[in-house]
Amino acid sequence: MRILLVNTYHFAGGGDSTYTFNLYKLLMSNGHIVVMFAMIQDHNSNDPNADLFVSNVDYKVLINSKNLLTGLKVISRSIYSLEAKKKFGKLLKRVNPDIIHLNNIHHHITPSIIFEAKKQKIPVVWTLHDYKLLCPNTHFLIDKEDKICEACKPNKYFQAMIRRCKKGSFLASTVVTLEGYVHRLLRVKELIDCFISPGSFLKKKLIEYGFKENKIRHIPYFIPDNYFSLSLENENYFLYIGKISKIKGLAILIEAARLNPQCNVFIAGDGDKEVKENILSKMPANVKYLGPQNREKVQELIAESIAVILPSLWYENQPFCILEAFAKGKPVIASKLGGMIELVGDNERGLLIPPGDPKALAEAMEWIIQNPAKTKALGKNAYEYVRKEHTPEKHYNEIMKVYEEVLE
């Protein structure tokens with residue numbers, strides 16, 4: 001089978017690109033021909049079809065310009081990219097795929113490419129990594145308040161503009177409001193043959209917001225075989241891995257560490273410079289920022305930690321850091337929100353805490369330290385769970401069922 005994978009970022013980064021590259025390797029190892037389409041960036045992985053990738057655009061620079069011309073450029077490029085559609089059409093003729101598998105395409109590639117796919121009568125499946133098709137601001141948060149908001153339900157995208165949910169900016173919020181209405185008028189979701197939801201929480205939200213249940217498949221992410229390694233010993237530190245971002249609840253983690261000076265906390269990851277300076281400048285002595293780390297070092301850090309912490313303030317879909325922790329036999333302390341609940345379970349594979357509550361997080365960290373035997377039991381449960389539910393073999397079989405179904 002010839003499969004075309006689409007994702008904006010063509011380098012190891014967030015959950016969407018991690019999944020896309022993992023899926024690429026999985027499909028290739030099973031004898032399929034796999035082609036990729038993405039956006040041009042300096043640190044992209046090499047690709048034989050990079051000449052047809054969509055050109056790079058830095059929205060932060062454009063928005064800071066604050067003039068009519070750049071405003072129109074932001075709107076035209078982020079909502080319906082004619083350049084992406086044209087280049088994608090050329091790629092389709094070059095590689096003649098049997099099926100197209102979309103991942104994260106909003107803002108840079110845009111759903112414009114779906115129309116080219118349907119023009120050439122190629123089935124399209126779409127793995128959703130966030131809530132963009134439901135929420136103009138992607139993560140059901142008002143940025144300046146870090147507060148969960150579902151005022152746009154259903155299809156009331158104007159609420160995003162009224163509440164200035166995108167970065168507290170009227171312009172940015174207006175753009176995402178327009179995006180929501182344009183994609184609804186173009187009936188984008190009706191053009192997709194099947195949506196794939198990694199988390200059951202996301203699937204429930206899609207149905208709640210009017211998506212047809214028979215067009216959604218729940219297929220969890222998978223962990224590559226070489227990530228699995230049970231490690232029940234530790235070096236006496238808690239670990240946060242991921243993007244340095246307000247919505248990840250890092251300020252909560254730092255305050256919890258301040259309340260618990262005997263707990264050592266390591267933070268590994270990268271993010272916006274301003275956010276990093278703001279959050280990390282407030283670290284107490286028992287918190288250490290390690291900066292961005294490569295995949296091998298991340299695996300080592302997880303294996304030597306007591307537990308991984310994810311105090312997110314938004315409805316995480318299915319965070320890779322939780323699955324990676326489980327694959328090393330490490331329990332996770334996470335916020336009782338979204339897809340984190342189904343992964344951690346009812347204190348089966350870690351501890352769930354109220355979101356935005358540093359005292360509750362500090363108490364959970366203290367419990368982990370005071371109960372080493374129970375902590376190891378949670379870690380073993382986590383390892384057994386991920387070994388059963390998130391294997392490459394299981395994921396491949398479920399993906400192939402979807403491919404075969406839409407090809408029929």
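Predicted model: local features only at pLDDT ≥ 70, side-chain atom pairs only at ≥ 80, totals over all residues.
## Salt bridges

The structure contains 20 salt bridges. One of them joins lysine 118 to aspartate 193, with the closest N and O atoms 2.9 Å apart. Lysine 118 belongs to helix α5 (residues 112-119) and aspartate 193 to the loop between α7 (170-185) and β7 (194-197), so this pair ties together parts that are 75 residues apart in sequence. Lysine 118 is partly exposed, at 28% relative accessible area, and aspartate 193 is partly exposed as well, at 31%.

Other pairs lie within a single helix. In helix α8 (residues 200-208), lysine 205 and glutamate 208 are three residues apart, about one turn of the helix, and their side chains form a salt bridge of 3.4 Å, N to O. Lysine 205 is buried at 7% relative accessible area, whereas glutamate 208 is partly exposed at 39%.

## Cysteines

A search of the whole structure finds zero disulfides. For cysteine 165, the nearest cysteine sulfur is that of cysteine 135, 6.0 Å away. The sulfur of cysteine 263 lies 19 Å from the closest cysteine sulfur, in cysteine 321, which is too far for a bond. Cysteine 165 is buried, at 7% relative accessibility, and cysteine 263 is buried at 1%.

## The β-α-β unit

Strands β13 (residues 332-335) and β14 (residues 350-353) pair in the parallel sense over four bridges. Isoleucine 333 has leucine 351 as its bridge partner in β14. Together with helix α13 (residues 338-344), the two strands make a right-handed β-α-β unit.

Definitions and conventions:
Residues numbered from 1 in each chain as written. Heavy atoms only, no water. Disulfide = S-S within 2.5 Å. Buried < 20%, exposed > 50% of the residue type's maximum accessible area, 1.4 Å probe, protein only. Pairing = 2+ DSSP bridges. Right-handed = clockwise from strand over helix to strand, strands pointing away. Salt bridge = Lys/Arg side-chain N within 4 Å of Asp/Glu carboxyl O.
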